[in-house]
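Visitor: I'm new here and would like a tour of the holes and charged contacts in this protein. Can you show it to me first?

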Amino acid sequence: MEAFKLVKDERSDAEQKSDGFIEASRAILCLSKGEAHGYFNEAVEVASKIGDENLSRWDSILDLADRSSRADRPVPATAYNFARCAELTYDYVVRDKHFDWHATIEALTGLCPPSSLAILSRWRDRGFGWSERILPAAVNKLVEQGSLDPLDALPLIGFRGRWLHAKLLDAALHACQSQQEKAAIAAYVFRYSQFNSGDFKDQQEVVRRHGLRLEQLAEAARFADEVEHKRDSQKIEEHGVKVETEPVSTTDWDSIFVGIDFASANDISESYRKYEASERYRYHEHFFQQMIARIPPGSEVEFISSFGEVPEFDLYDLRNFLEQCPKEWSHRPAIKRAFEAIIRKLCRRYCLGIAKYRHYELFPFRTACLLTGAKESELVEVVLDGIGETADLADAARLFSLVGLLAIQLSEDEALEALDFGLELFSSSLEEKDGDGPWSNRLLPPADIKASLAGYVWAAMAAPEAVTRWEGAHAVLGFILLGREDILEHLFNFSSDNAGGPFVDATLPFYSLHALQWFLIGISRGAAENPKVLAAYSQRLMELALKGEPQILISLFAARAVRIMIDKGIVDVQPNLLRELENVAKSPFPAVESKSYDRFARSGDARNGDDNDGFYFSLDIGPYWYAPLGRVFAVSQQQIESEALAVIRGQLKFAGTGRWDEDERARRKLYQENHTYHSHGSYPRADSLSFYQAYHAMLIVAGKNLASRPIHCDSEYGVRDEFADWLESHDLSRQDGRWLWDRRDPEPFEQLSWLDCDKGHENYSLITATDFDEALQSGAMTNIWGRWTTADAKREQSVDIYSALVSPNNSHALLRALSTAESRYDYAIPAAEDDCEIDELGYSLKGWITDRDRNRGLDSQDHWAGGISHPAPRPADSICELMGLRTDADQRMWTDKDHSIAMISQVWGHFDEGSQHESVSPELGGRIQASQAFLKAVLGKLQRDLIIAVNIDRRRRYRSYESSIEDDKDRIPSKSKIYLLKADGDLHTI
């Protein structure tokens, strides 16, 4: 009985499911023939209800949907029913690759463009489909059919996906009004594509066609060419010969066609038999190509007529023949008539094999129409007439394929009527839980596709997955950068409504405060780049900052946006407004001096009688989230919990107990494994309902306490504003309002020698002098500090480089001492202001690079941040002051007084998606480089030498599907090398 229930409730391939019932029937046959008969009947019912022809039926639905699409007549109800039936069909597919996602999405966008984005948003909400595949497919089709402005679509590349960047860029550049706008668009696309396996060569060609040049793109395309060329060269060396893309034919074609009369079907048949007998690997297109080349001028009509009489030629041969025919033949009336005659004859002869397919058509309708001058519908009519006259049996798949032919004969309205009828046939298999249930006006999307686009982004910012919320914030930033004011207006409307509408699954909780917070994160970042487009919403932002919900981060991000607009003169300064904005997230009371260990003893706060409420905060919420906030205001963890619970019951309107099974997403297993896990104050990858409530309750409680209680401080620890210190741990990683994403660099364009060594190479198990030279030098720059890892498919190499200033009198002694140390761990090269610095008895070893990581903030969960740390290594303030160095907002490059590049800081990495089946790329790192001229100048000015330690570790690359305990017999012992750079530029080593 249990097996029967499992099979009945499971949605799987019809054959697999009916087999399950039959197995259950056989298992119980010896005990009860009646029960066995019942299970067998279930198998028959499944086969008749779902059928083995599941995908064939869906192909016919796609044919009708394609035909019924009309730009001036969106049909949202039909589009929804189509999408709902797609979900049902997919449930009974054996493997994902068998379901035609691309055609399904394109058909959906044709039925109702605004609905397509709303449906895709709901699919993402309940985890149906793979957004990285289906969103780009939908956007490309919407842009292609003119439903969506490519400039409106462009910010969606902030969502991970298989984007055709070059195609989208080309469409966007055509929509631009000026070269300046085009340059900005090209730079914007490249900024994302360089971290998303960008099609650099295709983008470069698009940029060139539009009269632009983007140096970084050109460099990336050049490096991609070099890597490809190197890979091809290695293949040539490995195999000894170049692998040909086309097979080289050794056929003696003259002997094949000698004495052939091309007007004779028998002779053509004879030459074909000769060819098949002469070739082991036959390429029929070569045969027809050679035959056509030998036809005497003026004999084409007779040849074409004879071709149709050759009995050996089937549809596959017809296709190859038509594709080899010169296009010029289509302009000659006699040849066109000859083609029409044989194609009509062959269409009737092979009528049961001709069908309309999206990916590969055995009968090439387009080519046939070109050569005959006939309309596609005329050829289809011939095929249908032939089918009507044949007595041969056809299976279900063939009968469903007829719909594709019949649809060509229908008008859009007739096809829509047939589509609605076809979708209605699914009703016997549909259940209330499928999709979003039966169609209702609640699912009606906005009429304006711009509003639907905004709704898709708004719903993303309410997602439980942090990475999706950040993708939404990137899209908001993109709308601001590109000045898409209509989209921004719709987004602000959504923020006022505070609901997900038709863009979210109504059965799942909507995280409205998440949506607002990440929307304002995007707004505050965009305000620094293009504040003018936000001027119209300054009043709304002021209300959120000063008069809205006291959720401290929402208020803070809104206040930052307004302050930026005031600083840039976009918003007039009203009396006391600037002071009020500056005081957001600041206490109005004087700080109270108290010892941190004594605060809870002073607190007389109690739980206010809610001990029996029954609500449960998860294990770490109290001690690691609420207790630190309580310490700021000298109240207990229990009091913060009590106030947070009041917020959850009141403002968040939640009456449950906080159990996991009260979260519909958890019950439906929509969270990826371990993604809701968090520990000791860390953020989860996906926020469960209980974490979402506890998180925002904490931030609201923080805002309320800030307005009603003084903060406490302990001067013994040197922290004067403990609330600011607490808030910093929940804010962005950077204190200047920019994102980690702004600081991320691409991986260096370097081809290292060790990557070329396979197991047979003499240097495979060695770390050579060349490896150290490549680690130290990057082009004309010298790497003076950093840690980074490079890798190929099987191995990875880590490099550590540290340098410090050393007194010239003792520098050679230090070089010898460090070079002969037994272990790299026996000494330390200090950073600036490090405890390991030495300055005594004439010996000086001083750091000059600052390298201090701080705890990463909210944007550490941004996929586009690539898992990098902040701040990156940088020259010490004393060095900058001494040499007059200036840098940019991201501290990426330092220039001297002559505006020459002195130092470059790079930081790169890859985001860990937390997938159990995929390993994150180990290629990450950060380093700082200096020019030779700057190094000589700074060492000369300081009268110091530079000691540089280079450490290299090479090891096997472990992957999630490999054993981590496998004997690493190929591991190479780590090696270190010490260099001494003198003030005159000479480099010494031992």
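Predicted model: local features only at pLDDT ≥ 70, side-chain atom pairs only at ≥ 80, totals over all residues.

Visitor: Which element gives the largest share of the lining of the largest cavity?

Guide: The search of the whole structure turned up 3 cavities of 30 Å³ or more, and the largest has a volume of about 80 Å³. Two or more lining residues come from each of α38 (769–776), β4 (781–791) and β5 (795–806). The largest share, 3 residues, belongs to α38.

Visitor: And what about pockets: which element supplies the largest share of the lining of the second largest pocket?

Guide: That pocket holds about 1,100 Å³ of space and is lined by 34 residues, with Q194, Q216, D745, P746 and R892 nearest its centre. Several elements supply at least two lining residues each, including α13 (215–239), α25 (466–481) and β12 (901–908). The largest share is 5 residues, and it comes from α11.

Visitor: How far apart are the closest N and O atoms in the salt bridge of E309 with K345?

Guide: E309 is partly exposed, with a relative accessible area of 42%, and K345 is partly exposed too, at 38%. A salt bridge needs the nitrogen within 4 Å of a carboxyl oxygen. Here the closest N and O atoms are separated by 2.3 Å.

Visitor: How many residues apart in sequence are the parts that E796 and R955 tie together?

Guide: The two side chains meet in a salt bridge of 3.0 Å, N to O, and both residues are buried. E796 lies in strand β5 and R955 in strand β14 (residues 945–956), so the pair ties together parts whose separation is 159 residues.

Visitor: Last one: how many salt bridges does the structure hold?

Guide: Some are linked in a network whose members include R525, E529, D745 and R892. Over the structure, the number of salt bridges is 62.

Definitions and conventions. Residues numbered from 1 in each chain as written. Heavy atoms only, no water. 1 Å grid on protein atoms, 1.4 Å probe; cavity = no way out; pocket = protein on both sides within 12 Å on 5 of 7 lines; lining within 4 Å. Points joined across faces, edges and corners; volume = space filled by probe spheres on them. Helix = DSSP H or I, 4+ residues; strand = E, 2+ residues; numbered from the N terminus. Buried < 20%, exposed > 50% of the residue type's maximum accessible area, 1.4 Å probe, protein only.
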